[in-house]
Amino acid sequence: IENCQQATTILKRETKPHCWLRLGFLKIMFLVLEMYLFSVMTLLGFYLFGGLISPNFHYGPLILWLIVLFWFSGVSVVTSIILKRLFIRKKAGRPAACSIFHSFADWAVDYHFNVSTYFLFSLTYNSRLWNIVLWMHGMD
């Protein structure tokens with residue numbers, strides 16, 4: 001009961017009239033960071049795998065794009081797990097903190113997970129690999 005009262009007082013304190021403005025600003029800044037992160041991962045994929053395909057091969061650019069897409073998806077899933085472990089440290093039996101940063105962190109990690117796993121999950125949704133990925137995200 002005491003934890004619920006503390007969480008309620010924290011929630012009342014954080015719901016100031018312009019609290020949504022700070023949260024919206026944090027979300028926009030994260031989207032800019034996310035675009036930068038995704039472009040760096042894509043460029044790194046082209047740098048790493050660009051020499052694997054012969055330039056004379058007719059379907060070389062297509063195969064290179066597919067390899068980079070799978071690279072990007074795999075690295076994004078690993079990045080999502082790292083973000084989850086860094087930003088959100090909830091343990092079972094302990095109440096979640098109610099602050100602007102925690103609301104932002106929950107949104108940011110969920111957004112990154114949804115964006116980064118869309119391609120791989122649409123192709124491999126029946127795989128047991130997703131049980132491991134979801135377990136590492138804390139979704140038992």
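Biologist: Is Ser 73 buried or exposed?

Modeller: Please bear in mind that this is a predicted model. Ser 73 is placed in helix H3, and its relative accessible area is 2%. Buried means a value under 20%. Ser 73 therefore counts as buried.

Biologist: Which residues does Ser 73 touch, not counting residues up to four places away in sequence?

Modeller: The residue sits in helix H3. With residues up to four places away in sequence set aside, the partners of Ser 73 are Ser 116, Phe 119 and Leu 120.

Biologist: How many helices and strands does the chain have, and in what order do the elements run?

Modeller: Read from the N terminus on, the order of elements is α-α-α-α-α. The count is accordingly given as 5 helices and 0 strands.

Biologist: What share of the contacts with a separation of 6 or more comes from residues 24 or more positions apart?

Modeller: The chain comprises 140 residues, of which 26% count as buried. Its accessible surface is about 10300 Å², with 70% belonging to carbon and sulfur atoms. Among contacts with a separation of 6 or more, the share from residues 24 or more positions apart is 72%.

Biologist: Is Val 68 buried or exposed, and what is its relative accessibility?

Modeller: Val 68 has its place in helix H3. The cut-off for buried is under 20% relative accessible area. Val 68 counts as buried because its relative accessibility is 2%.

Biologist: With which residues is Ile 67 in contact, leaving aside its neighbours within four places in sequence?

Modeller: Ile 67 also lies in helix H3, and at 28% relative accessibility this residue counts as partly exposed. Leaving aside neighbours within four places, the contacts of Ile 67 are Phe 49 and Ile 53.

Biologist: Which helix gives the largest share of the nonpolar patch?

Modeller: The surface patch covers about 730 Å² and is made by Phe 57, Tyr 59, Leu 62, Ile 63, Leu 66, Leu 69, Phe 70 and Leu 123. One of these residues, Tyr 59, lies in the loop between helix H2 (19-49) and H3, and counts as partly exposed at 48% relative accessibility. The largest share of the patch, 5 residues, comes from helix H3 (residues 60-87).

Biologist: How are the axes of H3 and H5 arranged, roughly parallel or roughly antiparallel?

Modeller: The axes of H3 and helix H5 (residues 129-136) come within 9 Å and cross at roughly 25 degrees. Angles under 35 degrees count as roughly parallel, so H3 and H5 are described as roughly parallel.

Biologist: Which residues of H3 and H5 make the contact?

Modeller: On the H5 side, the contact involves Trp 130, Val 133, Trp 135 and Met 136. From H3, the contributors are Val 77, Ile 81 and Arg 85.

Biologist: How far apart in space are Cys 19 and Ile 100, C-alpha to C-alpha?

Modeller: Cys 19 belongs to helix H2 and counts as buried, at 13% relative accessibility. In sequence, Cys 19 and Ile 100 are 81 residues apart. In space, their C-alpha separation is 7.6 Å.

Key: Residues are numbered from 1 along each chain as its sequence is written. This is a predicted model: local features need pLDDT of at least 70, side-chain atom pairs count only at pLDDT 80 or more; totals for chains, interfaces and linings use all residues. Side-chain values use heavy atoms; hydrogens and water are left out. Patches are made of residues with over 30% relative accessible area and no salt bridge: like charges are joined within 9 Å, nonpolar side chains (Val, Leu, Ile, Met, Phe, Trp, Tyr) within 5 Å. Accessible areas come from the Shrake-Rupley method with a 1.4 Å probe; for residues, only the protein chains shown count as cover. A salt bridge is a side-chain nitrogen of Lys or Arg within 4 Å of a carboxyl oxygen of Asp or Glu. Helices (H or I, at least four residues) and strands (E, at least two) are DSSP runs, numbered from the N terminus. Buried means under 20% relative accessible area, exposed over 50%, partly exposed in between (1.4 Å probe, protein chains only). Contact means heavy atoms within 4.5 Å. Axes are lines fitted to C-alpha atoms, for helices over the stretch in contact, and angles run from 0 to 180 degrees between N-to-C directions. Angles under 35 degrees count as roughly parallel, over 145 as roughly antiparallel, 65 to 115 as roughly perpendicular and the rest as oblique.
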